[in-house]
Amino acid sequence: MTVAVLGAGLQGCCTALALAERGIDVVLFERAGAVLSRTAIANEGKIHLGWMYAADPSLATARTMMRGALAFAPFLERYLGIEAARLPTSFPAAYVVHRDSQHSVAEVGGYFAAMHDLLRTASAARPHAYFGRDVAAPVRRWSDAELDAAFDPRHVAAVFDTPEVAIDPVDLARRLGAVIATHPRIEIRLGHEVTAADDGSVATVAEGRTRREPFAAIVNALWESRLAIDATAGIGAGRPWLYRLKYGVGFKWPAGLPRPPSATIVSGPFGEVVSYPDATTYLTWYPSCVTEMSSEMQPPYWPASPEGAAGRSMVAGTVDGLAAIVRALAPIRGAELDGLWIKGGPIVAWGNTDIDDPRSELHNRYDIGVHSQGGYHSIDPGKLTMAPLFAEVCASRIAQGGGQ
Ligand SMILES: Cc1cc2nc3c(=O)[nH]c(=O)nc-3n(C[C@H](O)[C@H](O)[C@H](O)COP(=O)(O)OP(=O)(O)OC[C@H]3O[C@@H](n4cnc5c(N)ncnc54)[C@H](O)[C@@H]3O)c2cc1C
């Protein structure tokens, strides 16, 4: 049997590999000229354990993220032969509660205590599944002196250590892309735009030629085009959604300057710093880096990098926004940054109001996953974190001949 996988992002590539390793032939369709060239490599690579989602006190999002995060490194070990503890990861993130946070320090502290209990249970069977790290260690709140040394207390009310790390998505894409490209059961068709699908066939356009082909099963892993192609299969979302175009800025930290901590500022339209041991540094600041929104069925084809003046002002706004909070960033304000890049992509989520609305659905991410109807499977990864887990779920379902 041959299965069509639509979209060669992280979700599509992981699913293609999980299917191929179960002895199933795969045709992987991708409209770009390369696999893993869009959102899969335009993100900060944080493998979310759930710390970010204090706005979901039901803990449903935390439970979902934890399952994905604890399955991430084992997937890479199983299919790419990478020993989890050897994969390059960032310094673990400190969670920084902003004084304008949508949740008080007490609320965030209570949420983190509940998170810690959940993580202890979730990781008990495989204590080192998360990149060889101990995720069950108690959460530590920084002293006032520690906070004051690293952050501006006029903006920061509290800081908590967490074990959460990021992987370098470009490095991961290189390793995964190499395995996909040489796998005997995976045929990659680049430059193929998927225009429609149902539970038995896929329609594509390539070099102006339209073609519809039959397949035993179809997996829709198209991220920003997923809902539009689901609609051609007669499957409606049944609720509002929002696409947000978000960018991030990367560079090599200047030699000789003290490094910033990895820091995630919660809860609201703030930002993050991701610091890697090799001096790679990633910054994102919501007010400067989120530039477009759409609730169309198919959002515009947004550029992966902003051009000219727009890019320059995004870098300046991001550095300035974060430097007001993170002391280590102050010396790089206005400085020439070595190896500077700006990359971005759409974030797809349920909801119709932005992150500054505390009740926005954007603050939770549990209603995601593999939706199957006969031989048609549509995967909403919600986050990069979830892609390997959902690939396994989908491939197992198809291998067992099932839909639901
Ligand atoms: C700035 C930013 C930061 C983020 N940070 C994190 C983070 O720290 N942690 C985390 O877990 N998640 C993060 N995310 C979310 C994460 O990147 C996405 O959830 C994930 O990458 C989406 O899945 P994907 O990799 O398969 O998507 P994509 O890479 O977009 O894959 C979809 C593929 O489908 C192709 N395609 C689309 N339409 C068609 C069509 N009609 N025909 C053929 N091919 C088509 C695209 O070209 C693309 O290659 C972030 C996202 C952004 C934008």
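How many bridges join β8 to β9, and which way do the two strands run? Six bridges join β8 to β9, and the strands run antiparallel. The model is a predicted one: local features require pLDDT of at least 70, side-chain atom pairs count only at pLDDT 80 or more, and totals for chains, interfaces and linings use all residues. Residues are numbered from 1 along each chain as its sequence is written, and side-chain values use heavy atoms, with hydrogens and water left out.

The strands β7, β8 and β9 form an open sheet in the order β7-β8-β9, with antiparallel pairing. Strands count as paired if DSSP finds at least two bridges between them. Strands (E, at least two residues) and helices (H or I, at least four residues) are DSSP runs, numbered from the N terminus. β7 and β9 stand at the edges with a single partner strand each, so one side of each has no neighbour in the sheet. From one strand to the next, the twist averages 25 degrees. Axes here are lines fitted to C-alpha atoms, for helices over the stretch in contact, and angles run from 0 to 180 degrees between N-to-C directions. Within the sheet, V202 stands opposite E213 in β9.

E213 also forms a salt bridge with R211, with the closest N and O atoms 3.6 Å apart. A salt bridge is a side-chain nitrogen of Lys or Arg within 4 Å of a carboxyl oxygen of Asp or Glu. E213 is buried, at 11% relative accessible area. R211 is partly exposed, at 38%. Buried means under 20% relative accessible area, exposed over 50%, and partly exposed in between (1.4 Å probe, protein chains only).

D198 and R212 form another salt bridge, with a closest N and O separation of 3.7 Å. D198 lies in the loop between β7 (193-197) and β8 (201-206) and R212 in β9 (209-214), so the pair ties together parts 14 residues apart in sequence. D198 is partly exposed, at 31% relative accessible area. R212 is partly exposed as well, at 47%.

Across the whole structure, the search finds 25 salt bridges. One of them joins E272 and K46, whose closest N and O atoms are 3.7 Å apart. E272 lies in β13 (271-275) and K46 in the loop between β2 (25-29) and α2 (60-80), so this pair ties together parts 226 residues apart in sequence. E272 is buried, at 5% relative accessibility, and K46 is buried, at 6%. R31, R38, E193 and E224 are linked in a network of salt bridges.

The protein is divided into domain 1 (2-40 + 172-239 + 365-399) and domain 2 (93-167 + 241-362). These bounds come from an automatic or database domain assignment. The C-alpha centres of the two domains lie 29 Å apart. Their contact (heavy atoms within 4.5 Å) takes 17 residues from domain 1 and 18 residues from domain 2.

The largest nonpolar core has 74 residues; L10, L19, Y130, F131 and L176 have the most contacts inside it. Such a core is a set of buried Ala, Val, Leu, Ile, Met, Phe, Trp, Tyr and Cys residues joined through side-chain atoms within 4.5 Å. α2 gives the most to this core, with eleven residues. Domain 1 and domain 2 both give residues to the core, so it lies between them. Leaving out residues up to four places away in sequence, L19 touches V3, V5, I24, V26, V219, A395 and I398. Another core, of 39 residues, lies apart from the largest one and includes A94, W285, I325 and L329.
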